[in-house]
Each structure stands twice: as structure tokens, then as C-alpha cells.
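Please consider the sequence and the model shown here. The paragraphs that follow lead through selected helices, loops and side-chain contacts.

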Amino acid sequence: MIVKNNIASQVVDHLRKEIILGKYEKGEALVETKLSGELGVSRGPVREAIGELVTENLAEKFSNGRTAVTGFEIRDIENLYDTRILLENHALSQVSAEVFKAHEGELMSYINQMRDAEYYEDRDVETDLAFHHLLVKMSGNNSLLHLWMAQRNIFRTLIDITSEVTFTNQSEIIDQHVEIVEAMAGQDVEKAQVLLRKHLEEASGHCCNGKKLL
């Protein structure tokens, strides 16, 4: 059941997660009336959500009006994380010392928010994503930021899935963010890139395990 608040966003978040976890088979139809009944919402938000899934290439709309799931495999998760690594590491290479210094406090603020969430045993997915968004934004490369933002919602869903597998080692994940900031503060971009790659490769592995387990 979907709570009636920002309904379309909640519907697409729910369906995206279900598709990534394989709860919908490749080729399975997404029927507005059926989903509307299952989720307890009107057809409008469901229609909007399905349109967003088509935009994200998680579903395909055919000329006869039928919309079906395109499928989502572990390889797709790996490809998405490879894309994140390429985008975010390239962004780090373009961050000047002055820009980093101007935003260092904001990065640490995000980390502190993640620590507060971890204290209450609830991973703050939005803050985690905001941290990485800022890394890309600091590059000043709008084309790079646009490419990252195009995948933002899928990235958020993958983090959400990962958090269900890694809830016991949130402190370690938060420390990885700290190490990236410290490397940038020391103007060691190559070290920051290595740390970021390791961080995201581990997240990819956890997310793949989540898909297998859930």
C-alpha cells in the first residue's frame, strides 16, 4: 500500500526497486488498473510512474500501448556503478583546491548527518546521495553533472537496496566518505579517486548480494 503523499514519486520508487530486485520478470506487463488496485492509488500516479520507468529504460512502451519490464540483471547493477565511478572520479580530477576548501564544511556536514542517522540505526540514503552529488557539482562541469543527475533516482534506489544488506557496517561506510574528504583536503586527488573507486565497488558488490538475497 502506498501512503498518499507525493504519490507518483512513491509509486515509481516502489516499482523501480521491485524491478531491480527481480520481482517483475523481463517482459512482464505493467498494467495501470492492476497496479492501481494493488497499491491503493488512482491510475494517474501509476501512469506517471510507468512513464518515468520508461525514461529510465526499466520498462518499454510498445506501439500497441502495452508497457513491459525490460528486466534488470546483476550486470546492469555493475554497469551503473562503473558509470558512477567514471563520472565521480572524473569530477574529482576537476575540483580545484579553492572550490574544495569552499565546500569542505558542507561535505563534512553531510558526513555528520550520516553519523547521526547511523547512531539511530537508520541509514540516511538522501544525505549519502547528496554527498556524492556535491562531489560532482564541485567540478563545475555542467555536462558531467547532467549525466550524473540523469541516473540519480536509480542511484538512490541502489543505495537503498545496499543499505538493507550493510546495516551492520554503516560506521565503516561513513569512514570511507571521511577518507575521501581527507585525501582531497591534502590535495591528493589520485588517492581520493582510489578510495572512491573502492567505496563504490564495495557498494556494487553489496547491492548485487542484496538482489540475490531479497
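Which residues in H9 are buried? In H9, the buried residues are Gln170, Ile173, Ile174, Gln176, His177, Val178, Ile180, Val181, Ala183 and Met184. Buried here means under 20% relative accessible area, exposed means over 50%, and partly exposed is in between, with a 1.4 Å probe and protein chains only. An α-helix has 3.6 residues a turn, so residues three or four places apart point the same way.

The model is predicted: local features need pLDDT of at least 70, side-chain atom pairs count only at pLDDT 80 or more, and totals for chains, interfaces and linings use all residues. Residues are numbered from 1 along each chain as its sequence is written, and side-chain values use heavy atoms, with hydrogens and water left out.

Helices (H or I, at least four residues) and strands (E, at least two) are DSSP runs numbered from the N terminus. Helix H9 covers residues 170–185, 16 residues in total. From its first C-alpha to its last, H9 reaches 23 Å, close to the 22 Å expected at 1.5 Å a residue; the expected span is 1.5 Å times one less than the number of residues. After H9 comes Gln187, whose phi is positive, near 60 degrees, although Gln187 is not a glycine. Most residues other than glycine have a negative phi, and most peptide bonds are trans. Gln187 belongs to the loop between H9 and helix H10 (189–213), and it counts as exposed because its relative accessible area is 62%.

With a relative accessible area of 6%, His199 is buried. Its side chain makes a polar contact of 2.6 Å with the side chain of Gln176, a residue that is itself buried in H9. A polar contact is a pair of N or O atoms within 3.5 Å; within protein, one must be able to donate a hydrogen and the other to accept it, and residues adjacent in sequence count only if both atoms are side-chain atoms. Not counting residues up to four places away in sequence, His199 touches His132, Ile173, Gln176 and His177, where contact means heavy atoms within 4.5 Å.

The 14 residues of helix H1 (residues 7–20) should span 20 Å at 1.5 Å a residue, and its end C-alpha atoms are 20 Å apart, which agrees. The buried residues of H1 are Ala8, Val11, Val12, Leu15, Arg16, Lys17, Glu18, Ile19 and Ile20. Glu18 counts as buried because its relative accessible area is 18%. Setting aside residues up to four places away in sequence, Glu18 touches Lys23 and Tyr24. H1 is followed by Gly22, with a positive phi near 85 degrees.

The loop between H1 and helix H2 (32–39) includes Gly27, which is partly exposed at 35% relative accessibility. Gly27 and Glu60 are 33 residues apart along the chain, and their C-alpha atoms are separated by 8.9 Å. Apart from neighbours within four places in sequence, Gly27 is in contact with Arg66, Ala68 and Val69.

Helix H3 (residues 43–55) holds Arg43, partly exposed at 41% relative accessibility. The side chains of Arg43 and Glu32 are joined by a polar contact of 3.3 Å. With neighbours within four places in sequence left aside, Arg43 is in contact with Glu32, Thr33 and Ser36. In the loop between H3 and strand S1 (59–61) lies Asn57. Asn57 has a positive phi of about 65 degrees although it is not a glycine, and it is exposed, with a relative accessible area of 59%.

In soluble globular proteins, nonpolar side chains tend to be buried together. The largest nonpolar core here has 61 residues, of which Leu30, Leu53, Ile77, Leu107, Phe131 and Leu158 touch the most other members. Such a core is a set of buried Ala, Val, Leu, Ile, Met, Phe, Trp, Tyr and Cys residues joined through side-chain atoms within 4.5 Å. Not counting residues up to four places away in sequence, Leu53 touches Val12, Leu15, Arg16, Ile19, Leu30, Leu58 and Ala59.

The structure holds 1 aromatic pair. Trp148 and Phe155 form this tilted pair, at 5.7 Å centre to centre and 55 degrees between the planes. Rings of Phe, Tyr and Trp (its six-membered ring) pair if their centres lie within 6.5 Å; planes under 30 degrees apart count as stacked, over 60 as edge-to-face and the rest as tilted. Both Trp148 and Phe155 are buried. Arg84 lies over the face of Phe155, 5.2 Å from the ring centre; the criterion is NZ of Lys or CZ of Arg within 6 Å of the ring centre and within 35 degrees of the ring normal.
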